[in-house]
Amino acid sequence: SKAAGIMFLYDPLGNPVIKERLRDLGVEDPQIDSDFADYQAVILAEMKTRIARMRNLGPDAQLDVPMAFLVGKYDAWADIFEDSCPQPRAVCREGKFDLEAVEENSWQARTFLNHFCPSVVQNAEALAPNIKYFPISAFGHTPVPTAKGVSPDPRRIKPRLVEAPILWLLHQIRPELVPVI
């Protein structure tokens with residue numbers, strides 16, 4: 001409850017509407033066929049309730065700390081994203097953090113989420129007014145089926161934008177640590 005910032009990782013492949021859209025587009029990703037219940041919106045709402053209780057805040061109070069909302073597995077849902085938005089921009093240029101790129105990427109990821117799961121966006125924004133959305137990919141490619149499930153191909157690992165939420169939170173908390181363009 002005393003954190004200077006919050007990160008929330010959302011898995012869009014847990015959302016049935018997004019999974020159906022990916023199937024319609026012919027995206028081949030073994031994770032799309034995984035069968036697990038999507039409790040992420042519930043977890044986000046419960047997180048707000050618990051933090052408010054721990055901080056003795058009222059039910060409508062918002063946190064006064066920045067929140068980085070990570071929209072994972074970008075490599076899997078990029079086809080949907082690119083229907084209406086350009087590729088996310090790199091957030092580091094010339095050794096500096098590009099806040100304009102962060103704003104643009106955040107708007108695009110928020111637009112994507114708001115189209116498919118508006119309640120998630122509403123819950124996140126009810127929790128923290130200082131929020132940015134980050135399309136990220138930990139592996140940079142779709143995992144491959146293995147005998148034990150799915151896993152990344154070590155030869156193809158190329159993370160996408162994973163540094164963005166950490167740099168943004170650091171800039172929000174200690175701006176002198178992250179030079180900006």
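The model is predicted, so local features need pLDDT of at least 70 and side-chain atom pairs count only at pLDDT 80 or more, whereas totals for chains, interfaces and linings use all residues. Residues are numbered from 1 along each chain as its sequence is written, and side-chain values use heavy atoms, with hydrogens and water left out.

E1 pairs with strand E2 (residues 67-71) in the parallel sense, over five bridges; pairing requires at least two DSSP bridges between the strands. Met7 has Ala68 in E2 as its bridge partner. Strands (E, at least two residues) and helices (H or I, at least four) are DSSP runs, numbered from the N terminus.

Turning to Ile181, this residue lies in the segment after helix H6 (163-173). Ile181 counts as partly exposed because its relative accessibility is 46%. Its C-alpha atom is separated by 8.8 Å from that of Cys92, 89 residues apart along the chain. Leaving aside residues up to four places away in sequence, Ile181 touches Arg93, Lys96, Phe97 and Asp98, where contact means heavy atoms within 4.5 Å.

Notes: Buried < 20%, exposed > 50% of the residue type's maximum accessible area, 1.4 Å probe, protein only.
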